[in-house]
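Me: I am new to this structure and would like to know what stands behind the words used for it. Please set each value against its definition.

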Amino acid sequence: MNPPGEVLEIVLGVLFNGLASAMILYVIAIGMSLTMGMMRFVNLAHGSFAMAGGYALVYFGEQVGVSFWTGVILATILVTVVSAVLERLLYRRLYGASELEQVLFSIGLIFVASAVARYLFGPSTQNVTVPDSLSGQISLGSFSASSYRTMLIMAGFILFGSMTLLLEKTSLGAKLRAAVDNRRMAESLGIRSDLLFIFTFCLGSALAAFGGALGAEVLPIRPSYAFDQLNYVLIVVAVGGLGTLYGPFVAALILGITDTACKYWFPELGAFFIFAAMVVLLLWRPNGVFSRT
Amino acid sequence: MKAHTTVPPEAAAALLQRHRFRPIEALPWIIIALVYFLLPKSLALGTQILIMVMFALSLDLLQGYAGITSLGHAVFFGTGAYAAGILTVNGVTEPLIGLLFSLVLCGAFGLLSGAIILRTHGLALLMLTLGILLMGAEFANRAAWLTGGADGLQGMEVGPIMGLIEFDFRSKVAYVYALIVLIIIFALVRFMVYSPYGRSLFGMQQNLNRMSAIGAPVRARLVAAYGISAAIAGVAGAVNAHVNAFVGPNVLTLELSAGVLTMLIFGGVGRLYGSFVGAAFYMIMHDYLARVDPTYWYLWLGVLLIAVVMYSKGGILGLADKAWALWGRK
Amino acid sequence: MSEIVLETKGLNRSFGALVVTDNVNFQLRAGARHALIGPNGAGKTTFVNLLTGKLQPSSGDVLMFGENITGLSEHERVKKGMARTFQINALFMDMTVLENVALAVSEHQGTAWKFFKPLGKMSEVIEAAYAQLCVLGIEAYASRAVRELSYGQQRLVEIAIALSLQPRILLLDEPAAGVPASESGIILSALDRLDPSIAIMIIEHDMALVFRFADEITVLERGKVVAHGTPSEISSDEYVRSIYFGERQVANV
């Protein structure tokens with residue numbers, strides 16, 4: 001029987017790791033929630049942008065030799081530019097297409113991205129050199145936590161805060177929210193939806209790339225990345241509901257913590273509980289647990 | 001009481017004739033028979049193609065006719081495979097019993113899950129179909145005492161069909177076995193598609209509001225379609241288990257669900273023979289390219305998918321239609 | 001006074017704080033030619049949806065032939081003899097005109113569940129469907145896909161589908177809406193030829209049509225019934241004139 005102090009430590013440890021995973025998941029998922037809510041586009045390939053961010057970081061960090069943070073920023077910029085090109089060339093032709101077409105298109109994109117990654121970097125998981133400042137531990141009383149994971153958690157909260165500020169306090173944010181709520185009405189008010197689309201798409205991809213790069217230690221960078229993470233990201237988006245920021249945030253929190261806890265205490269169940277929970281939650285609230293409809 | 005009205009032939013020509021067997025329909029079956037006699041070394045691949053045609057047909061009932069997009073249809077294929085496999089591990093080695101067992105089990109599973117999830121639509125429904133697949137996959141992975149876990153089902157012993165015909169190592173028996181099952185399934189699906197029920201499914205895809213407004217119990221019909229589709233997929237899975245004498249977790253993957261959807265769009269969604277063309281095309285391409293380099297397989301698969309979605313939504317059969325129409329004009 | 005075939009008692013429907021149907025008591029009699037009018041947003045289509053079962057009321061009852069049907073689903077009410085047309089055509093665009101009606105006939109005849117017999121072999125269905133097309137004068141389009149027809153012709157298909165269900169109650173939601181002036185005559189004559197024993201309620205904005213067609217008019221405003229009576233009573237009602245003030249549909253009767 002573990003002494004209470006130790007139990008607390010274990011629980012905190014689980015919570016902490018769960019939180020870190022959740023934050024990365026959130027950063028990646030928020031972009032998908034925005035694009036799905038705004039453009040009604042089922043973009044399963046969203047994870048590929050995160051993967052691209054991770055690979056770009058590896059390239060800039062390992063092969064070009066820049067520092068971690070420079071690498072993250074460069075990776076984000078590079079992937080955002082690529083995503084803008086893809087949006088202009090491909091995505092925009094499919095905005096009105098059927099669900100099946102969008103699903104298959106994005107699956108096709110995942111395959112292509114995954115093949116390119118394999119070709120350029122090989123099939124194994126990439127090593128990311130985490131800077132010294134992040135590779136240690138932080139002590140909070142008797143509890144010590146990995147600095148890297150602490151950084152992830154902070155990044156998640158900061159992002160949530162700044163996205164909320166962007167959406168709630170700026171006029172751009174107001175236009176975004178209007179277009180998500182009711183696109184036709186927004187257009188009749190003079191809001192240029194095509195510009196908003198490309199902005200949202202690039203913002204979403206930037207966030208995904210940022211998350212993929214930042215979380216490269218936690219979510220391993222390998223060619224199957226998009227498929228590996230697809231399930232979890234989709235769960236966060238579907239359960240969180242489209243069009244709100246806090247919905248996916250809370251969903252990611254619950255998912256990340258519950259998943260880590262289950263894997264620690266009930267490893268026989270694995271991820272079964274998470275998937276079952278998603279099914280139940282979606283049946284209860286098909287529009288997402290936190291959506292406004 | 002309405003008087004007996006004669007309907008002039010030109011008014012109803014299409015409706016009265018379309019269910020009749022057209023000569024060109026013999027073509028795929030002739031090809032299937034020719035493969036047996038002329039390409040004996042390819043019978044293993046041929047059997048897999050026949051199994052995938054069955055699986056694709058089951059999904060087309062949902063996608064092409066009822067208009068339901070499912071990312072999780074592999075769960076029925078996998079359940080059918082594991083059910084048939086587990087049956088043989090536990091002493092019931094006669095394959096036809098296994099087929100029947102999988103049919104009933106997956107049909108019930110389909111009816112039950114359909115009744116629960118078909119209350120939703122759009123993204124929620126898509127996610128729910130995926131969720132059920134993921135639950136099934138995770139269960140198969142964890143319940144090693146039943147399914148063999150990540151290593152797959154060990155100790156399968158598939159007995160002779162009806163106690164008489166043993167499976168051989170050249171896949172000849174397997175091929176004919178799969179073919180006969182396919183013929184039965186295809187006949188069923190073909191009748192269904194032209195029946196009032198089948199047309200009402202298509203009606204639901206065209207305009208759901210109108211279907212309720214003419215008195216159709218829409219939800220019940222959709223759940224029935226889901227159950228039938230699941231049963232057929234389960235039979236396909238069982239055949240797969242029998243001919244391979246093995247079931248592994250790869251029958252319960254998103255990759256398989258995506259693969260069969262891809263086959264449909266390659267061949268042509270909502271067309272009886274789309275499944276044939278699409279499955280053959282996909283499997284042959286996979287066989288050729290994946291041997292050379294898996295990277296190329298994924299690359300070309302992805303590029304083709306994107307190209308088909310953007311330029312040729314009707315798939316290969318759609319292109320054939322256009323070519324036929326062009327030729328007809330000359 | 002003929003029997004009441006369709007009735008609502010204290011029917012209410014709100015969406016959150018928005019009340020779209022406000023304590024509506026409504027009666028439709030056998031053989032009625034009853035019009036439901038009101039300004040935009042009055043809740044007319046919502047009311048029809050409540051009658052057909054597409055929408056459930058927040059409170060109140062719907063009765064059909066004296067029986068409380070509030071809990072019945074849409075398709076159950078259709079089976080009992082109610083049919084409707086939609087404000088915007090709800091048709092099977094890629095099917096032929098004949099097949100559109102045939103599906104409805106098949107539902108009505110109770111053969112729609114059959115999954116083994118080809119529809120093409122069901123002569124009772126096909127003949128009845130064709131006969132229905134003849135009644136509306138659109139039999140020439142039988143083998144054309146609905147998508148190819150003009151909007152006015154499609155509107156006739158919409159009515160044909162509803163009629164093929166042999167309804168005793170027919171709810172028509174703006175049957176002339178969207179139909180160009182050149183084609184509205186055929187819609188009007190189709191309405192004129194409808195079986196006098198069917199109870200018909202029609203939602204319309206076109207006042208000329210309303211006054212030509214209806215024996216009885218109910219006026220809805222913001223979900224409430226604000227007037228009810230014969231055409232001459234309604235056209236001289238001050239309040240009704242006032243709520244239509246500014247809309248150029250007030251007819252000179």
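Reply: Two strands pair if DSSP finds at least two bridges between them, where strands (E, at least two residues) and helices (H or I, at least four) are DSSP runs, numbered from the N terminus. The model is a predicted one, in which local features need pLDDT of at least 70, side-chain atom pairs count only at pLDDT 80 or more, and totals for chains, interfaces and linings use all residues. Residues are numbered from 1 along each chain as its sequence is written, while chains are lettered from A and ligands numbered from 1 in the order in which they are written.

Me: What makes strand S3 and strand S8 of chain C a pair?

Reply: Strand S3 (residues 33-37) and strand S8 (residues 199-203) of chain C are joined over four bridges in the parallel sense, and the definition asks for at least two. Within this pair, His34(C) stands opposite Met201(C) in S8(C).

Me: Why are S6 and S10 of chain C said to stand at the edges?

Reply: The open sheet has six strands in the order S6-S7-S8-S3-S9-S10 (chain C), with mixed pairing. Strand S6 (82-85) and strand S10 (224-229) of chain C each have a single partner strand, so one side of each is left without a neighbour in the sheet.

Me: Why is Arg92(A) called partly exposed?

Reply: Arg92(A), in the loop between helix H3 (68-89) and helix H4 (99-121) of chain A, has 16 C-beta neighbours inside 10 Å. A residue is buried with 20 or more other C-beta atoms (placed from the backbone) within 10 Å of its own, exposed with 12 or fewer, and partly exposed in between, so Arg92(A) with its 16 counts as partly exposed.
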